[in-house]
Number of protein chains: 2
Amino acid sequence: MALPSKKNAILVDGVVLNGPTTDIRAGEKFVEEACRLIMEEVVLKATDVNEKVCEWQSPEQLKQLLDLEMRDTGEPHDRLLQLCRDVIRFSVKTNHPRFFNQLYAGLDYYSLVGRFMTEALNPSVYTYEVSPVFLLVEEAVVKKMIEFIGWQEGDGIFNPGGSVSNMYAMNLARYKYCPDIKEKGLSGLPRLILFTSAECHYSMKKSASFLGIGTENVCFVETDGRGKMIPEELEKQVLQARKEGAAPFLVCATSGTTVLGSFDPLEEIADVCDRHGLWLHVDDLLKKCYSAEASYLFQQDKFYDVSYDTGDKSIQCSRRPDAFKFWMTWKALGTLGLEERVNRALALSRYLVDEIKKRDGFKLLMEPEYANICFWYIPPSLREMEEGPEFWEKVNLVAPAIKERMMKKGSLMLGYQPHRGKVNFFRQVVINPQVSREDMDFLLDEIDLLGRDM
Amino acid sequence: MALPSKKNAILVDGVVLNGPTTDIRAGEKFVEEACRLIMEEVVLKATDVNEKVCEWQSPEQLKQLLDLEMRDTGEPHDRLLQLCRDVIRFSVKTNHPRFFNQLYAGLDYYSLVGRFMTEALNPSVYTYEVSPVFLLVEEAVVKKMIEFIGWQEGDGIFNPGGSVSNMYAMNLARYKYCPDIKEKGLSGLPRLILFTSAECHYSMKKSASFLGIGTENVCFVETDGRGKMIPEELEKQVLQARKEGAAPFLVCATSGTTVLGSFDPLEEIADVCDRHGLWLHVDDLLKKCYSAEASYLFQQDKFYDVSYDTGDKSIQCSRRPDAFKFWMTWKALGTLGLEERVNRALALSRYLVDEIKKRDGFKLLMEPEYANICFWYIPPSLREMEEGPEFWEKVNLVAPAIKERMMKKGSLMLGYQPHRGKVNFFRQVVINPQVSREDMDFLLDEIDLLGRDM
């Protein structure tokens with residue numbers, strides 16, 4: 001390390017204070033080399049189907065393979081680069097064309113650059129003075145999205161995911177129902193109750209617990225055979241809750257449920273909400289609901305328009321500028337390019353559905369209306385069996401066993417789950433824009449290959 | 001774009017399904033060029049004091065200078081690179097050695113590489129199967145930190161910031177007080193009340209509002225002249241709250257307040273908590289408090305140890321592996337290297353305090369006990385004035401005026417605020433490990449240069 005000579009050093013309590021403590025050139029070189037490694041081992045390999053999706057190791061094995069320990073003295077750069085190589089090697093390649101495990105997948109070059117920019121610039125989006133560009137970008141993206149919905153006005157922020165957004169929605173509805181709750185809290189109030197579909201995201205219960213509403217006050221409305229909330233059931237439950245002295249305040253409808261990809265009938269639900277004065281979750285944002293007016297951050301005597309200091313809108317204050325990566329992609333593809341991506345994902349979903357219907361041993365859970373395709377694989381040994389309890393008991397074991405095999409082989413990653421009385425089934429959601437018909441064929445071929453001896 | 005020929009194309013609803021839709025080589029080249037740009041314009045310039053900290057533009061001007069609009073058709077790569085250049089140019093250089101505006105600063109090469117890795121691999125930390133490496137890294141870091149504190153056992157997760165951590169703390173204390181609140185909610189319960197110092201972070205009020213406790217039920221305990229909670233005042237207020245029929249459940253003590261950097265007397269506060277059966281905030285985490293048991297994510301029939309599926313511990317489910325960048329830095333510097341950084345920051349703080357005392361026109365708010373140094377600049381025109389109401393009224397205008405000048409010059413960024421009866425003062429917090437004595441001298445020189453004619 002290039003430390004200043006002790007001769008001219010200024011010492012306070014034995015610590016040298018002049019000059020930098022780190023070797024800047026070596027640090028820069030390390031970043032350059034790591035970037036090259038990331039480029040070669042992650043970005044360039046992301047689209048290569050000959051690479052493994054994952055190199056499965058159990059937690060115990062992986063702990064042996066990785067050098068996780070943090071020691072008293074630091075490690076040299078070449079050792080750190082080797083650690084980076086190991087981290088990449090044993091990480092799941094969520095960018096791989098055959099990673100279908102989650103509701104995210106694929107490598108978007110423009111978003112990735114947006115994220116690299118963000119990490120290098122290290123901003124936090126709460127005041128205009130520290131994040132001028134990123135605040136304007138977020139404003140532009142939110143404005144464009146509001147126009148798209150067709151609203152005349154609106155506001156919003158980018159949140160760290162859907163769970164947090166659902167918490168906001170619930171909190172806003174509560175504020176709308178009774179603004180005093182912000183100051184007074186819920187104690188002494190009647191039991192607030194909200195309604196959502198039995199197919200809703202599990203964050204609804206987390207949110208109700210966190211917000212002090214209570215998980216028992218999340219009322220799950222029965223759905224039809226296609227996973228859509230039944231408006232008549234909703235109305236019945238609202239009336240029942242009122243009769244019991246509870247205070248209905250919110251209906252959380254879902255457009256595209258997590259497992260089945262179902263869409264609740266919004267028009268009919270909105271009618272029920274109108275009749276009973278309930279807030280329908282629309283993800284709008286009211287600043288005064290969160291505002292805590294921190295004087296050290298949101299000085300009103302600043303020399304510019306302080307309406308751009310948006311930190312008081314969010315629960316976390318410091319935020320990554322997540323709108324920026326979306327803006328980069330939108331800029332690069334244009335609205336038409338984004339539309340093309342959606343169209344292709346939906347067309348690929350329809351192709352996969354047709355293939356599932358055509359092929360022996362594949363059974364659709366239901367006709368999908370969106371990009372979620374839920375299906376069972378029935379191995380040859382079970383194909384002649386009657387579809388009774390014993391059959392389903394056996395089918396239930398198929399998806400976990402195939403999943404274990406695919407993870408150990410590393411050829412594919414696809415999620416499975418049981419769901420409301422249906423035994424374990426696979427769920428494919430087409431998201432990755434780099435995915436093609438060939439990947440859909442591979443998906444079904446590979447499941448058959450892995451499971452045909454079961 | 002290299003699209004497959006229409007001849008062999010498989011069409012569904014007019015959409016071509018075979019082959020990729022994007023030109024992969026062009027995308028990769030774009031990422032490479034953007035990385036070079038980021039390296040040159042952000043990383044290499046981050047340590048150069050001759051660069052501006054910011055190039056100030058008002059929101060209106062900046063909107064003119066940036067091409068924010070998202071159009072129907074995409075933009076070519078050279079245009080996107082120019083946009084990236086503009087974004088960098090007009091962003092605040094939070095990595096600059098003279099960025100002192102916030103509680104983060106500086107460029108850590110190892111954290112940055114950790115963040116680049118994270119963004120490229122795009123994991124989400126909730127199940128072992130999608131995030132094997134990052135879950136083990138988080139476990140290792142949390143374990144090491146618990147050892148450091150000296151605990152025998154414990155658990156934890158990395159949160160998106162202090163505000164969210166405070167919300168967790170409050171929720172955990174509430175769960176400890178009455179586990180039923182998770183299911184039943186707060187309605188019908190006595191008024192829950194919590195105690196924190198008058199100097200606490202503003203997220204306390206946000207948290208109380210969000211959690212349904214109510215901002216009026218955050219009881220601010222008076223502090224002494226150095227910003228520390230007075231334990232006798234705390235006890236008095238607890239007794240008073242009980243008398244009024246409220247239910248005290250939590251004391252949130254602060255070690256290093258946001259503005260003054262004060263430390264509450266933990267031992268004495270713990271004694272008060274013991275006497276009255278109150279939870280003292282220690283940032284521990286109880287999994288069962290959040291658990292919602294989402295069957296589609298946390299299948300219990302997986303083929304590996306599902307205790308590594310930690311998604312149910314957090315409120316947001318999908319999380320960035322924030323422990324990873326800290327792990328990278330710890331690996332690179334070692335425990336001793338981290339210790340050296342802390343020692344140097346504190347020594348630099350003491351140096352700055354001594355300089356403030358030595359120099360004309362600088363006035364310390366109070367003797368700091370940590371790395372927060374709060375001070376006023378008194379321009380020559382006010383130095384002979386009596387320290388009465390008129391004096392302070394005039395001093396109050398000095399920091400905002402100097403701030404405007406430094407932003408427009410771009411030489412420095414330093415925060416100011418009024419605080420509990422004290423008029424606007426500057427707050428310097430030494431964080432950046434690249435900062436040296438020369439930067440401390442520059443800070444005071446520059447403030448004097450910018451403000452001496454006021």
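Below are my entries, starting with the ground rules.

**Ground rules**

I am looking at a predicted model, where local features need pLDDT of at least 70, side-chain atom pairs count only at pLDDT 80 or more, and totals for chains, interfaces and linings use all residues. Residues are numbered from 1 along each chain as its sequence is written, chains are lettered from A and ligands numbered from 1 in the order in which they are written, and side-chain values use heavy atoms, with hydrogens and water left out.

**Entry: salt bridges**

I began with charge pairs. Side chains of opposite charge can pair when their charged atoms come close. For a salt bridge, I need a side-chain nitrogen of Lys or Arg within 4 Å of a carboxyl oxygen of Asp or Glu. How many salt bridges does the structure hold over all chains? I found 70.

One of them joins A:E129 to B:K403, with 2.7 Å from N to O. This pair crosses between chains: A:E129 is in the loop between α4 (109–121) and α5 (132–149) of chain A, while B:K403 is in helix α12 (residues 389–409) of chain B. My note on the labels: helices (H or I, at least four residues) and strands (E, at least two) are DSSP runs, numbered from the N terminus.

Are A:E129 and B:K403 buried or exposed? Both are buried. I use "buried" for under 20% relative accessible area, "exposed" for over 50%, and "partly exposed" for in between (1.4 Å probe, protein chains only).

A:R437 counts as buried because its relative accessibility is 15%. A:E438 has a relative accessible area of 34%, so I wrote it down as partly exposed.

Then I checked chain B. B:E438 and B:R437 meet in a salt bridge too, at 3.8 Å from N to O. B:E438 has 34% relative accessibility and therefore counts as partly exposed. B:R437 is buried, because its relative accessible area is 16%.

Back in chain A, which residues are linked with A:R437 and A:E438 in a network of salt bridges? I listed A:E355, A:K358, A:R359, A:D441 and A:D445.

**Entry: a negative patch**

Next I went to the surface. A:E232, A:E267, A:E268, A:D271 and A:D274 gather there in a patch of negative charge. The patch rule takes residues with over 30% relative accessible area and no salt bridge, joining like charges within 9 Å and nonpolar side chains (Val, Leu, Ile, Met, Phe, Trp, Tyr) within 5 Å. Asp and Glu count as negative, Lys and Arg as positive, and His and the chain ends are not counted. The place of a charge is taken as NZ of Lys, CZ of Arg, CG of Asp or CD of Glu.

Where does the largest share of this patch come from? Helix α10 (residues 266–276) of chain A gives 4 residues. A:E267 lies in that helix, α10 of chain A, and I call A:E267 exposed because its relative accessible area is 62%.

**Entry: a nonpolar patch**

I found a nonpolar surface patch as well, made of A:F148, A:I149 and A:W151, with about 340 Å² of accessible area together. Accessible areas come from the Shrake-Rupley method with a 1.4 Å probe, and for residues only the protein chains shown count as cover. A:F148 sits in helix α5 of chain A. With a relative accessible area of 55%, A:F148 is exposed.

**Entry: positive phi**

A:N122 is one of them, at about 50 degrees. A:N122 is in the loop between α4 and α5 of chain A, and it counts as buried at 15% relative accessibility.

B:R420 also has a positive phi, about 45 degrees, without being a glycine. I placed B:R420 in the loop between β10 (413–419) and β11 (422–429) of chain B. B:R420 is partly exposed, since its relative accessible area is 41%.

**Entry: a polar contact**

Last, I looked up A:N159, in the loop between α5 and α6 (162–177) of chain A. A:N159 counts as buried at 18% relative accessibility. What joins the side chains of A:N159 and A:S165? I noted a polar contact of 3.1 Å. That term means a pair of N or O atoms within 3.5 Å; within protein, one must be able to donate a hydrogen and the other to accept it, and residues adjacent in sequence count only if both atoms are side-chain atoms.
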